[in-house]
2 protein chains.
Amino acid sequence: MKRIHFNEVVTRDGFQSEPTFIPTDEKIALIDELGQCGFSKIEATSFTSARAIPMLRDAEEVMRRIRRSSDVEYSVLVPNVRGAERALKSRADELNLVMSVSETHNLANLRMSREKSLADLRDVIALAAGHVPVNISLSTSFGCPMEGEIPLDEVLRWADRYASLGVRGLTICDTTGMAHPIQVARMAEALIARFSDLQLTLHFHNTRGMGLANVLAAVQAGIDRFDGSLGGLGGCPYAPGATGNICSEDAIHMLQAMGYDTGINLSQLMAAARKMPRIVGHEVPGQVAKAGHSTELHPPQHQ
Amino acid sequence: MKRIHFNEVVTRDGFQSEPTFIPTDEKIALIDELGQCGFSKIEATSFTSARAIPMLRDAEEVMRRIRRSSDVEYSVLVPNVRGAERALKSRADELNLVMSVSETHNLANLRMSREKSLADLRDVIALAAGHVPVNISLSTSFGCPMEGEIPLDEVLRWADRYASLGVRGLTICDTTGMAHPIQVARMAEALIARFSDLQLTLHFHNTRGMGLANVLAAVQAGIDRFDGSLGGLGGCPYAPGATGNICSEDAIHMLQAMGYDTGINLSQLMAAARKMPRIVGHEVPGQVAKAGHSTELHPPQHQ
């Protein structure tokens with residue numbers, strides 16, 4: 001069966017919204033463990049300012065001390081040229097840039113207009129050229145919690161502009177869990193038709209329970225790359241109490257059960273997932289690490 | 001768009017696994033509230049022995065005191081002839097019978113062989129004939145936690161036997177959340193091909209996070225009836241800590257967002273769902289009641 005690639009984002013997108021600092025040693029140990037599970041990519045950390053995101057203030061140390069697996073690309077989030085310089089010095093394999101396709105969300109989240117974001121990120125792309133590939137993550141592509149649904153054409157227009165600047169990959173993000181399967185299928189078809197030469201990734205949140213249904217719709221439409229977060233970590237400020245990113249091990253378990261080749265050692269991944277409550281100090285939303293693999297049998301019992 | 005019907009099972013399947021008795025008044029108020037939401041069917045309670053399931057010892061009182069909506073069928077679970085007599089006296093609109101297609105699970109759960117179950121339930125079906133329609137729920141149809149995967153032909157064989165006894169409906173249950181979307185599509189196609197004259201319902205659990213993906217796969221294959229539980233209540237003894245039945249409001253929210261006609265007033269249903277933590281005394285797995293409808297907009301904020 002077809003190969004589906006996963007990019008594990010827990011130590012960046014997942015940890016970023018945690019209230020309590022996670023020790024650098026824990027982050028490194030987790031990234032090293034994930035590096036052995038078969039991911040195509042791991043978004044390890046973010047080169048933002050320590051003041052903006054104190055959780056990821058140890059980006060340099062994390063990138064220096066992880067034991068890199070030759071099969072994995074270690075990607076990092078980069079907000080600007082200063083971050084890109086730090087990322088390149090830290091030998092990141094890929095720079096991941098972020099912009100919202102919703103003007104209101106970009107203003108709220110990044111405190112600048114989309115045009116200003118594009119201008120800044122153009123400089124980052126120029127700096128990375130000839131060194132490492134660049135990926136652009138387009139936030140709120142399936143809807144903005146303040147503006148509502150974002151027209152598909154608007155998403156494609158911004159994707160076009162980044163494609164023409166030479167990015168290798170495009171991640172289309174359902175930042176606050178608003179996407180539904182029909183919308184996902186429509187988006188996936190449009191992306192595949194227009195950007196077949198780019199690495200196309202979908203990034204879903206399970207905020208309203210639709211995360212794995214959206215993965216299914218995307219796979220049916222031909223998408224073969226997803227972001228996932230171990231344990232389903234990574235909340236959303238607009239949905240207190242709701243879950244965050246789709247859970248990597250739940251999505252991978254489903255796709256493997258369906259016969260897809262994910263390249264992932266699921267037992268090893270579930271062992272890592274089971275450490276998450278200790279690492280973050282609270283329960284996590286992921287299901288399969290609690291329930292066990294669907295093929296794990298229980299001894300007969302008479303109630 | 002096509003109509004999708006929901007059968008709300010929270011006060012039976014959901015409450016049954018709760019450790020603390022829920023007062024009869026609370027059950028009645030909840031069923032009355034659900035009766036106004038647009039469900040095609042509500043599985044209100046179960047006529048089992050009070051010793052076996054103390055939570056539902058108030059079945060007669062519940063059925064007597066609810067205010068019935070003329071648009072809703074009030075179904076009840078019935079394990080045997082004694083239960084069926086009580087149910088008929090209580091003016092239930094439908095009797096729902098249960099048997100596992102896994103011999104091991106039937107022995108563990110109902111303490112009898114499948115053949116003995118069929119013989120007993122044949123008497124129940126005969127008793128109901130001419131009074132109310134009968135539905136048979138076939139547990140562990142997508143896999144048994146002790147036997148593993150159950151061959152599709154085995155499920156169809158038992159369905160055939162009940163169909164020939166004159167049941168109106170067939171509910172195919174993924175009792176412990178083992179089903180995956182390809183298996184669901186295959187099952188749905190086989191059921192529709194063979195039992196087009198029966199009311200076909202699918203019953204999923206979200207134990208491994210695949211619940212709504214399975215709903216999607218089933219709808220794509222032509223299924224138009226689902227069991228759901230408010231808040232996602234209803235655990236599984238084989239998966240401590242994992243979630244239970246698919247969450248009605250999450251499934252309905254997804255299908256409505258996709259354009260399906262569910263007949264449900266979702267705002268009213270979400271209001272009911274938000275009472276669940278108080279009623280059962282703990283958090284519930286449902287997502288959309290926490291996050292809000294995907295079309296609910298938030299005021300712009302600058303962080």
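**A barrel and its partner chain**

In this predicted model, helix α5 of chain B is followed by B:R111, whose phi is positive, near 55°. Helices are DSSP runs of H or I with at least four residues, strands are runs of E with at least two, and both are numbered from the N terminus. Residues are numbered from 1 along each chain as its sequence is written, while chains are lettered from A and ligands numbered from 1 in the order in which they are written. As the model is predicted, local features need pLDDT of at least 70 and side-chain atom pairs count only at pLDDT 80 or more, whereas totals for chains, interfaces and linings use all residues.

Within α5(B) (residues 103-110), the buried residues are B:T104, B:H105, B:N106 and B:L107; buried residues have 20 or more other C-beta atoms within 10 Å of their own, with C-beta atoms placed from the backbone. These buried residues pack against β4 (94-100), α6 (114-128) and β5 (134-139) of chain B, a contact being two such C-beta atoms within 7 Å.

The strands of chain B form a closed barrel of 8, in the order β1-β2-β3-β4-β5-β6-β7-β8, with parallel pairing; strands pair when DSSP finds at least two bridges between them. Strands β1 (residues 5-8) and β8 (residues 225-228) of chain B run parallel and are joined by 4 bridges, and B:F6 stands opposite B:F226.

In chain A, all of A:V134, A:I136 and A:L138, which point one way from β5(A), and A:N135, A:S137 and A:S139, which point the other way, are buried. Since 6 of the 6 residues of this strand (residues 134-139) are buried, β5(A) is largely enclosed by the rest of the structure. Strand β4(A) (residues 94-100) runs parallel to β5(A) and is joined to it by 6 bridges, A:L97 having A:I136 as its bridge partner. On β6(A) (residues 169-173), which pairs with β5(A) in the parallel sense over 4 bridges, the partner of A:I136 is A:L170.

The largest nonpolar core has 182 residues, and those with the most contacts inside it are A:L95, A:L212, B:L95 and B:L212. Such a core is a set of buried Ala, Val, Leu, Ile, Met, Phe, Trp, Tyr and Cys residues joined through C-beta atoms within 7 Å. Beyond its neighbours within four places in sequence, B:L95 is in contact with B:V76, B:V78, B:A84, B:A87, B:V124, B:A128, B:V132 and B:V134.

Finally, the contact between the chains takes 47 residues from chain A and 47 residues from chain B.

Terms used: A residue is buried if 20 or more other C-beta atoms lie within 10 Å of its own, exposed if 12 or fewer, and partly exposed in between; C-beta atoms are placed from the backbone.
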